[in-house]
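Good morning, and thank you for joining.

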Amino acid sequence: MDLSLDLVKDILFNSKKLNIDTHLPKVDDCFAFLREFSKGKIIYGINTGFGPMAQWRIDDKELNQLQYNIIRSHSTGMGEPLPDVDVKAAMIARLGCFIQGKSGIHRDVVTLLQSFINNDIIPYVPKHGSVGASGDLVQLAHIALCLIGEGKVHYKGSWQNSIDVMNSLGLNPMQIHIREGLSVTNGTSVMTGIGMVNQFHAENLLDKAVIAAVWINEIASSYDDWMSEPLNNYRNQSGQKKIAQQMRKIAQDSKCLRKREQELYNESKQPSYFAHKVQAYYSLRCTPQILGPIYDTLMQSRTILENELNSASDNPIVDSITKNVYHGGNFHGDYISFEQDKVKIALVRLAMTAERQLNYLFHDRINGILPPFLNLGKLGLNYAMQACQFTATSTTAECQTLAMPNYVHSIPNNNDNQDIVSMGSNTAEICRQVVENTYQVMSVLFMALAQATDCLKIKSNLSSTTRKTYDEIRAITDTIIDDNELSSDLNKIEQYLKALS
């Protein structure tokens, strides 16, 4: 692998710089090969039109103009601009494609794109425009537009003309040599970029869900065998085993969890009714089984994204090793689209589990140990977190609506040249909305976990991990006693949960 998701994460969230100098010889070799190989041959996108227009040959004197035309004519996106982090990730993904040395482009394109990434020059890329089949043509065209100095970029907090920013940094606009216009616009890089950012947040959300699962069982003083090694190992599912292992590590120094062997497996006379539940509700004790497949899904998604990051998603593929140019469909976004639907569905399940855990904490007749809605004020006069459940429930309901697979929605277009498409960027966009929604549901849950800890006065008995989380939440929000507006506190918790550095 040339690039890793961990490296991308460091570039996006820890200000690490990207250096691809060692890959430039491959880029040079491919460019030199294509320059010679293309003489006297008909090669798509070099001396033909694009898409259904490929049947028309382009005169030699118009070849450069052809490459500019694909950029300008396809800059047709609409809607709000994509978040800066998604666009930066998309540029990294495009660079990952180029350094494979299969695109036939001049090294100046690669070094310019690297400069955009390292200097946080973020092209204006509208949300809508890609069907994810010839890659993300429209959205990548907006990136290419900025590379030739004709678009807007977000730089140092404001939108500026791309050419002005490049001039201030001593950067020259992208020049056309053979096929640079098509190569920059043709590939899966936007859906991959958004998918990578989704991946980082999805993994973070899962980590937080594991902490929440232990914490809520501490609050319920559950028997701890639901996460035991033998129990979870006897079900031969790797994700479940991994999640249970993580839970045992978190819970190892907890003083809240009960031992079934000590209380229920001794020979002393037992009562005919047990006030404490012999088995906790499913949303508490089935968390290894619920979060396990989510873990497996994210590991598969990580593999697919990292493979795509290090793939040539161009068309045609220029191969200086076999001395040939291959026409095909490496730009088709099915891999990313399918995985983003899986990640989206997995996160919807995570949000649903969090909402059910909230219901346990809020419902005094279910938990039997906490005041209604974790109310530490005067019942009837004060309402504590009662209305927070409305927010969590409605947001979870929206997630369930968004869970409908988008990968199956193909609409032929482009004069039926693109007769089946992946909708990859749309799928990644919907997944990103589910990520945002899940953070909001989890914010309510973490506020409730801290409040329940205060209700029971058990913070000193929590495990070191859950106690640390409690302390971090209490550093930014207070225990709820009197009724106050809670949106600002929930937003603080959301930002706390989102921190990825």
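In the hairpin of strand 4 and strand 5, with 2 residues between the strands, K156 adopts a positive phi near 55 degrees. Strands here are DSSP runs of E with at least two residues, helices are runs of H or I with at least four, and both are numbered from the N terminus. The model is a predicted one, in which local features need pLDDT of at least 70 and side-chain atom pairs count only at pLDDT 80 or more, while totals for chains, interfaces and linings use all residues. Residues are numbered from 1 along each chain as its sequence is written, and side-chain values use heavy atoms, with hydrogens and water left out.

Strand 4 (residues 152-155) pairs with strand 5 in the antiparallel sense over 4 bridges; two strands pair if DSSP finds at least two bridges between them. Across this pairing, V153 has Q160 of strand 5 as its bridge partner, and Y155 stands opposite S158 in strand 5. Both strands belong to an open sheet of 3 strands in the order 2-4-5, with antiparallel pairing. Its edges are strand 2 (122-123) and strand 5 (158-161), each of which pairs on one side only.

Two further backbone details deserve mention. N315 and P316 are joined by a cis peptide bond, with omega about -5 degrees, and P316 is found in the loop between helix 14 and strand 6 (317-319). In the loop between strand 6 and strand 7 (324-326) lies K323, a residue other than glycine whose phi is positive, near 60 degrees.

I turn now to helix packing. Two packed helices are described by the angle between their axes and the distance between the axes. Helix 11 (residues 238-251) and helix 14 (residues 287-309) pack at about 115 degrees, with axes 7 Å apart. Axes are lines fitted to C-alpha atoms, for helices over the stretch in contact, and angles run from 0 to 180 degrees between N-to-C directions. The contact, meaning heavy atoms within 4.5 Å, involves residues including I243 and M247 of helix 11 and L291 and Y295 of helix 14. By class, this contact has 6 nonpolar, 7 polar and 2 charged residues. Ala, Val, Leu, Ile, Met, Phe, Trp, Tyr, Cys and Pro count as nonpolar, Asp, Glu, Lys and Arg as charged, and the others, Gly among them, as polar.

What, then, lines the largest cavity? On a 1 Å grid over the protein atoms alone, a cavity is a set of points where a 1.4 Å probe fits but cannot get out; a pocket is an open set with protein on both sides within 12 Å along at least five of seven lines, and lining residues have an atom within 4 Å of a point. The lining of the largest cavity is formed by A209, A212, A213, T287, L291, L350, T353, A354, Q357, M442 and L445. Of these, 8 are nonpolar, 3 polar and none charged. Helix 15 gives the most, with 4 residues. The cavity holds about 60 Å³, a volume being the space filled by probe spheres set on the points, with grid points joined across faces, edges and corners.

Finally, the pockets. The largest holds about 550 Å³ and is lined by 28 residues, with S134, L137, N414, N417 and Q418 nearest its centre. Its lining divides into 11 nonpolar, 16 polar and 1 charged. The second largest pocket has a volume of about 390 Å³. Its lining has 23 residues, of which S222, K277, Q279, A280 and Y281 lie nearest its centre, and divides into 12 nonpolar, 7 polar and 4 charged.
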